[in-house]
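This report describes a single protein chain. The sequence and model are shown first, and the notes follow.

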Amino acid sequence: MYKVSRFSPLVSVVRHTVITLPTPINISTWWNFGSLLGVCLVIQIFSGLILSLHFTAHTDLSFYVVIQSFGDVYYNWWFRAFHANGASFFFIGLYLHIARGLYYGSYVFKEVWSVGVVILLVVMASAFLGYVLPWGQMSFWGATVITSLFSALPVIGSDVVIWLWGGFSVDNATLTRFFGLHFVLPFMVAGLAGLHLFFLHDQGSSNPLGVSSDYNKVVFHHYYVLKDLVGVCFFLGPLLGLVYFNPWLLGDPENFIEGNPLVTPHHIQPEWYFLFAYAILRAVPNKLGGVVALAAAVLVLFYMPFSPKTSIKGLSFYPGGKSLFFSMIGVFFLLTWAGSKPVEEPYVVISQVLSFLYFAYFILIGPLTRVQDKLL
């Protein structure tokens, strides 16, 4: 019989990952979000597996199966509320994790940062696919609007849309393939997360000071394991409060109506975590231009590792860079607000101005910090 010992490869990997990993002694609470996102991913996969046992991917049945499961399946309402709100908390953690990386210059680790951006893209795709599955009004029309954007692609646009739909409209084939993809993508995220951790442990973690911390490190356990556990408790508290006291607060009332291709909602909008990109899409009057701007809103993160280098990683010692960063955070919130508004004045003009400021940050932050380097 094979005996598991501390010298076995699997135990060795776990030991070097969560026990003896050398970690900078001065990292703050902002570094907790990596572990929190791991917990969120496990929660989403487990709750999604439970929900998939009582789901039928058919346009005539899915909406009624979801409604019926609330009363007929023990704790189905709890898993559904936990899964839906868990997605929102997942994105809160993702956006805070990315913001921390932008502020403290974590993007200098190219492999770690690039894999992280790919994880963001896959999570966004999975969240969109999952939102379609209940087949409510906003689910159906959201799928119709977003997939129709691919028709703006030159030459191949129409073929891509038909391939995504599995026919000539959003119908049963669309729902079936969306369910299959939504089931598979979280496991792809888990694999990418493992690759993300591999590169992180290979290149080392950043720290608030932006300087080398090779000579000032401690082992990960028990110092940061306990700290991460406290962070998980503080993170799960609001999530459970939302699930128990107001589980549908972040949802759209239109989604409690069965999807109807003959009745268009007055105002079609995605979930709150996509609203900033949706505002950028609507800010461009040209369809192809809007699609390009929508993609660029996320893909621009790939540019950061190639932005001008500074003497110190991060913005802690750059007053101008810090001001620009927090201004961009304000722009992000305003874009989210503008994306929830109807496509009319003055919201269109506001979205256009905010979109310009959003992209201006990524263009200006590198040169601005270089100028401050020379002044200092």
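Although W135 is not a glycine, its phi is positive, at about 60 degrees. W135 is buried, with a relative accessible area of 5%. Buried means under 20% relative accessible area, exposed over 50%, and partly exposed in between, with a 1.4 Å probe and protein chains only.

D171 belongs to the loop between α7 (157–165) and α8 (172–203). With neighbours within four places in sequence left aside, D171 contacts T59 and W135, a contact being heavy atoms within 4.5 Å. D171 counts as partly exposed, at 40% relative accessibility.

## Basis of the model

This is a predicted model, in which local features need pLDDT of at least 70 and side-chain atom pairs count only at pLDDT 80 or more, while totals for chains, interfaces and linings use all residues. Residues are numbered from 1 along each chain as its sequence is written, and side-chain values use heavy atoms, with hydrogens and water left out.

## Overall form

The chain contains 13 helices and two strands. For 376 residues, a compact globule would have a radius of gyration near 21 Å, and the chain agrees with this at 22 Å; the radius is taken over C-alpha atoms, and the globule rule is 2.2 Å times the number of residues to the power 0.38. Along the principal axes, the C-alpha atoms fill a box of roughly 65 × 65 × 45 Å.

Of the 376 residues, 46% count as buried. Among contacts between residues at least 6 apart in sequence, 79% join residues at least 24 apart.

## Helix α4 and its ends

Y75 lies in the loop between α3 (62–72) and α4. The phi of Y75 is near 60 degrees, positive in a residue other than glycine. Y75 is exposed, with a relative accessible area of 56%.

Helix α4 covers residues 76–104, and its 29 residues should span 42 Å at 1.5 Å a residue; the end C-alpha atoms are 41 Å apart, which agrees. The expected span is 1.5 Å times one less than the number of residues. Of the 29 residues of α4, 24 are buried. G105 follows α4 and has a positive phi, near 70 degrees.

## Helix α10

Nine of the nine residues of α10 (residues 275–283) are buried, so the helix is largely enclosed by the rest of the structure. Among them are F276, Y278 and R282. The cover over the buried residues of α10 includes α4, α11 (287–299), α12 (319–339) and α13 (347–375).

M304 is in the loop between α11 and α12. M304 is buried, at a relative accessible area of 1%. Apart from neighbours within four places in sequence, M304 contacts L102, Y107, W113, F362 and I365. The C-alpha atoms of M304 and G366 are separated by 8.7 Å, although these residues are 62 apart along the chain.

P346 is in the loop between α12 and α13. The peptide bond joining E345 and P346 is cis, with omega about 5 degrees.

Definitions and conventions
Helix = DSSP H or I, 4+ residues; strand = E, 2+ residues; numbered from the N terminus.
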